[in-house]
Amino acid sequence: MKKIAVIGSNGQLGNCIRKIAPDFENTCEFIFTDSQILDITDENQVNDFFYDNKPDYCINASAYTAVDLAEKEREKAFAVNADGVAYLAQACADHKCILIHVSTDYVFDGDTNLSYSEDDFTNPTGVYGESKRKGEELALEINPKTIILRTSWLYSEFNKNFVKTMLNLFAQKDQLGIVADQFGQPTNANDLAEAIMNIIETPNKTFGIFHFSNYPETTWFEFAKKIAEFSNSSVQLNPLTTDQYPTPAKRPARSTMSLDKIEEVYKIELKHWENSLEESVKILIQQ
């Protein structure tokens with residue numbers, strides 16, 4: 001029986017893992033914890049948690065994700081996304097635990113027309129991306145048995161995300177302007193949860209950095225159009241440029257990631273983002 005600690009279990013990904021946990025009750029025991037129970041920025045709390053629970057796997061689904069606010073709260077972002085990750089990685093190393101840490105496409109600057117591979121140079125454009133890159137570096141340095149999963153544009157039926165925001169706005173507005181010159185890969189957090197469990201169930205682990213998302217790339221504008229289509233909304237969507245919609249943090253223009261490595265190494269079946277989105281919108285409309 002594998003013992004799995006899920007850190008940040010009240011977030012999008014954590015809730016998605018919680019949802020599928022019963023499917024693995026014969027092989028896995030889950031320990032779900034959130035920031036109210038375990039503050040990962042407190043090294044002593046982390047050490048006590050690992051000493052008491054002795055997990056075989058630690059899924060770090062916790063993160064400081066306020067991309068724009070991070071520009072003002074640099075210390076807070078680094079405390080969670082870097083220091084906290086280092087404490088988890090050290091505890092994992094001490095207890096011979098495999099760390100599965102979730103990172104982001106925002107470690108890239110997006111200044112390319114190609115898809116990023118796991119080995120490509122990182123050059124984040126904002127504090128959020130910087131803090132996530134630092135977390136990656138510390139995790140790999142401290143605990144060799146670390147798997148980093150970079151993902152992008154995460155959404156689900158849980159918590160705040162772009163899809164839920166759009167559905168709420170569609171009900172309030174006749175028209176909306178959506179950025180049409182930023183490219184990325186929308187990812188259903190339920191698919192990421194399944195990929196993580198697939199990795200855990202794989203006998204021979206390959207450690208290091210992997211990219212996981214739905215495919216292919218699209219823009220926020222096209223993403224929003226599909227949300228409108230699947231929800232039968234009559235809202236009028238107007239394309240905007242990044243310059244027309246300024247934000248405190250600069251976003252990567254094209255942060256599309258290559259998915260070849262995770263498909264080859266872990267044999268994970270990748271899903272088209274439109275198919276995953278349609279399933280999610282159906283769930284949200286029924287709620």
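**Notebook: loops, sheet and helix packing**

I began with Asn159, which is partly exposed at a relative accessible area of 35%; I took buried as under 20% relative accessible area, exposed as over 50% and partly exposed as in between, with a 1.4 Å probe and protein chains only. I note that this is a predicted model, in which local features need pLDDT of at least 70 and side-chain atom pairs count only at pLDDT 80 or more, while totals for chains, interfaces and linings use all residues. Residues are numbered from 1 along each chain as its sequence is written, and side-chain values use heavy atoms, with hydrogens and water left out.

**Entry 1, backbone**

I looked up the backbone of Asn159 and found a positive phi of about 60°, although Asn159 is not a glycine. Lys96 counts as exposed, because its relative accessibility is 71%. I then checked the peptide bond from Tyr215 to Pro216, which is cis with omega near -10°, and saw that Pro216 sits in the loop between β10 and β11 (218-219).

I traced an open sheet of six strands, ordered β2-β1-β3-β4-β5-β10 with parallel pairing, where two strands pair if DSSP finds at least two bridges between them. The edges are β2 (28-33) and β10 (208-211), each with a single partner strand, so one side of each has no neighbour in the sheet. Neighbouring strands of this sheet are turned against each other by 20° on average, direction ignored; axes are lines fitted to C-alpha atoms, for helices over the stretch in contact, and angles run from 0 to 180 degrees between N-to-C directions. Looking inside the sheet, I found four bridges joining the parallel strands β3 (residues 57-60) and β4 (residues 98-104), with Ile98 of β4 as the bridge partner of Tyr57. Helix α1 (residues 12-20) packs on the sheet and touches β1 (2-7), β2, β3 and β4, its direction making about 145° with that of β2; contact means heavy atoms within 4.5 Å.

I followed helix α2 (residues 43-53) and helix α3 (residues 74-94), whose axes come within 9 Å and cross at roughly 30°. That makes α2 roughly parallel to α3, since angles under 35 degrees count as roughly parallel, over 145 as roughly antiparallel, 65 to 115 as roughly perpendicular and the rest as oblique. The contact involves Glu43, Val46, Asn47 and Phe50 of α2, and Tyr87, Leu88, Ala91 and Cys92 of α3. I then turned to α3 and helix α4 (residues 127-142), which pack at an angle of about 15° with their axes 8 Å apart, and α3 and α4 are therefore roughly parallel to each other. Among the residues making this contact I listed Phe78 and Val85 of α3, and Leu138 and Ile142 of α4.

Terms used: Helix = DSSP H or I, 4+ residues; strand = E, 2+ residues; numbered from the N terminus.
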